[in-house]
Amino acid sequence: MAILRRLNPSFFSLALLLSLSLAIASAKVFFEERFDGTSLSLSLSFSVVVISNDNVRSNAGFVYVVVKYSDGWESRWVKSDWKKDENMAGEWNYTAGKWNGDANDKGIQTSEDYRFYAISAEFPEFSNKDKTLVFQFNVKHEQKLDCGGGYMKLLSDDVDQKKFGGDTPYSIMFGPDICGYTTKKVHAILTYNGKNNLIKKDVPCETDQLTHVYTFILRPDATYSILIDNEEKQTGSLYADWDLLPAKQIKDPEAKKPEDWDDKEFIPDPEDKKPEGYDDIPKEIADPDAKKPEDWDDEEDGEWTTPTIPNPDYKGPWTQKKIKNPNYKGKWKAPLIDNPEFKDDPELYVFPKLKYVGIELWQVKSGTMFDNVLISDEPEYAKQLAEETWGKQKDAEKAAFEEIEKKAEEEESKDDPADSDAEDDDAVDAEGTEGEDSDAEKDSAEEKDVHDEL
Ligand SMILES: *[C@@H]1O[C@H](CO)[C@@H](O)[C@H](O)[C@H]1NC(C)=O
């Protein structure tokens, strides 16, 4: 770094250009180096300088921080003492999980139910000013999560890692959150002037038991993107999708609807007149087909009256037709004016002192696994890292998961044949009964749930 900084600017930009292409090419090498747990790697390509240990690389002003879990991960990740004195701090398990696409690619997994978890790792402090910030990680919920988070946080320099917990201020919180049927979303919380601001758009998260890659990209033009498995799920502007600043424009509080503003869209048709005699048409008439029965005895049965039927000519009370109002001006809206409270902040997107990445969770049911944490300024590199890890492993992981599920199902029906019979009986019972339709609907809804989770 120091050497590069002293070089002249033209060399610098050339190096930058070259490093861009080399970065992609060398990413793989670097990645494999990290797998070996090399603590000090020295890349010989002139544009790439590895500045400290195995999880940090910087080249010509670009920062890639890949916080990989590899053997010795505990020396890079600091477990907080938060909730320890209450015996509520959960232990992490360094594992590739019950099912995976590569048994050597391990992550850390929450391993105790009803526990708080707080752990963080430090990286060389940097600011995302004039840079694109990329925050990415893998998460997998092996436990079929009913309620719990799978998000991570980016924290600034003022954090005591030993005390990191639920109240520790953070800069960005990002990732999936599931609770019951109602909460299945991706959080993207940005802290601005000490206030946490939730994204206003709904971004559904994955709910199955497989690994997914969550990526948050924040650009210097104050736009952002949220990706899941390298696919963009949401994108937009910090101004529109968070309430970080007061609105740029507001409705003019002084404006009033003009007296002559016609906001009736439809009016009665003056041409439409009630036909003469309309109100004289009776609702019911005597049934013309009814005949007095032959054996009717007026003395015994009383006087015979013709039964009535609804009159086919009766059309209900008359209503005047409506037509479009030719003078309709539309709904009146107060004109927008510039909000005097609004003051633009060209550095709205800037987090000047990012220094830690942390996980802080409460888990009712443990089993959430994190891996391949990346803090970078290059979306292309993030994309490639995701492909190299999740992308290469996902099919094998899915197959392994399905195999385990199948075995578990077989075990279940072996252990408890009466149970599965009972289920069959239920299904037969349901057929041909009144409840058939709703049961069928319920069944297919359940089936759908299962498919969603696969
Ligand atoms: C860690 O994970 C592995 C794989 O799922 C499992 O076999 C093992 O029991 C776990 N250990 C703890 C302490 O939870």
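So, E360 counts as buried, because 23 C-beta neighbours sit inside 10 Å and 20 or more is what burial takes. Please keep in mind that this is a predicted model. E360 belongs to strand β22, residues 354–363. Leaving aside residues up to four places away in sequence, E360 touches Y117, A118, K153, F164, G165 and G166.

Let me pick K153 out of that list. K153 is in strand β9, which covers residues 152–156. Is K153 buried or exposed? It is buried, with 24 C-beta neighbours inside 10 Å. Beyond four places away in sequence, the contacts of K153 are Y170, I172, M173, G358 and, once again, E360.

UniProt, in an unreviewed entry, gives the feature "binding site" at Y151, K153, Y170, D177 and E360. So please read this as an annotation, which may be inferred rather than shown by experiment. In the model, K153 is in contact with both Y170 and E360, and those two positions are also on the UniProt list.

Now to the ligand. Which residues surround the ligand? They are N93, T95, G97, K98 and S111.

Most residues other than glycine have a negative phi. K83 is not a glycine, yet its phi is positive, at about 70 degrees. You will find K83 in the loop between β3 (77–79) and β4 (92–95). K83 is partly exposed, because its 17 other C-beta atoms within 10 Å fall between the limits of 12 and 20.

N193 is another one to look at, with a positive phi near 50 degrees, and again this is a residue other than glycine. The loop that holds N193 runs between β11 (183–192) and β12 (195–198). N193 has 8 other C-beta atoms within 10 Å and is exposed, because 12 or fewer puts a residue in that class.

Last stop, helix α6, residues 379–415. This helix has 37 residues and reaches 50 Å from its first C-alpha to its last, close to the 54 Å expected at 1.5 Å a residue. Where does α6 bend? The bend is at K394, by about 45 degrees. As for burial in α6, the buried residues include Y381, A382, L385, A386, T389 and W390. E397 and F401 are buried too.

Note on methods:
Residues are numbered from 1 along each chain as its sequence is written. This is a predicted model: local features need pLDDT of at least 70, side-chain atom pairs count only at pLDDT 80 or more; totals for chains, interfaces and linings use all residues. A residue is near a molecule or strand if its C-beta atom, placed from the backbone, lies within 6 Å of it. Helices (H or I, at least four residues) and strands (E, at least two) are DSSP runs, numbered from the N terminus. The expected span of a helix is 1.5 Å times one less than its number of residues. The bend at a residue is the angle between axes fitted to the seven residues ending there and the seven starting there. Two residues are in contact if their C-beta atoms, placed from the backbone, lie within 7 Å.
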